[in-house]
Amino acid sequence: SIMFRQFTNNNGYFIGVDLADRKGDLSVATIMRKRSDGAIEVLESSIIGRDMNAVEQERKFKEYERFCNQKAVE
């Protein structure tokens, strides 16, 4: 299974979701935005879980994909 996915939209948002693949490791999500001057700004980086099974991992990926797509319509 792929443990890292990046989601983007046409509004300059990028979300990287890195899920732990070893017991005890932390899973994190980083939300970034490309500013008008071209710089990438980290808006949030947070721990989103630990020791997730495959179903929980896929749920997290879908959650952040939806979140990224919502940012496109704001």
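Which residue's side chain meets that of arginine 35 in a salt bridge?

**Entry 1: a first pair.** I started with that question, keeping in mind that this is a predicted model. The partner turned out to be aspartate 37, and the N to O distance is 2.9 Å. I then looked up how open each of the two is. Arginine 35 has 35% relative accessibility, so I noted it as partly exposed. Aspartate 37 comes out at 54%, which counts as exposed because the cut-off for that word is over 50%.

**Entry 2: the other salt bridges.** I searched the whole structure and found four salt bridges. One of them joins the side chains of glutamate 58 and arginine 5, at 3.1 Å from N to O. I liked this pair, as it links distant parts of the chain: arginine 5 belongs to strand β1 (residues 4–8) and glutamate 58 to helix α1, 53 residues apart. I wrote down glutamate 58 as partly exposed, at 32% relative accessibility. Arginine 5 is partly exposed too, with a relative accessible area of 26%.

Another salt bridge brings together the side chains of lysine 60 and glutamate 63, with 3.8 Å between N and O. Here both residues sit in helix α1, three residues apart, and that is about one turn of the helix. For glutamate 63 I found a relative accessible area of 35%, so it is partly exposed.

**Entry 3: the core.** Next I went inside. How many residues does the largest nonpolar core have? I got 13, and those with the most contacts inside it are Phe7, Ile15, Val17, Leu19, Ile48 and Tyr64. I also checked which elements give two or more residues to this core, and they are β2 (13–18), β3 (26–34) and α1 (54–71). A reminder to myself: in soluble globular proteins, nonpolar side chains tend to be buried together.

Setting aside neighbours within four places in sequence, I found phenylalanine 7 in contact with Tyr13, Phe14, Ile15, Val17, Phe61, Tyr64, Glu65 and Cys68.

Entry 4: Which residue other than glycine has a positive phi near 55°? My answer is aspartate 51. I made a note of it since most residues other than glycine have a negative phi. On the structure, I found aspartate 51 in the loop between β4 (40–50) and α1. Its relative accessibility is 38%, so aspartate 51 counts as partly exposed.

Methods. Residues numbered from 1 in each chain as written. Predicted model: local features only at pLDDT ≥ 70, side-chain atom pairs only at ≥ 80, totals over all residues. Heavy atoms only, no water. Core = buried A, V, L, I, M, F, W, Y, C linked by side-chain atoms within 4.5 Å. Buried < 20%, exposed > 50% of the residue type's maximum accessible area, 1.4 Å probe, protein only. Helix = DSSP H or I, 4+ residues; strand = E, 2+ residues; numbered from the N terminus. Contact = heavy atoms within 4.5 Å.
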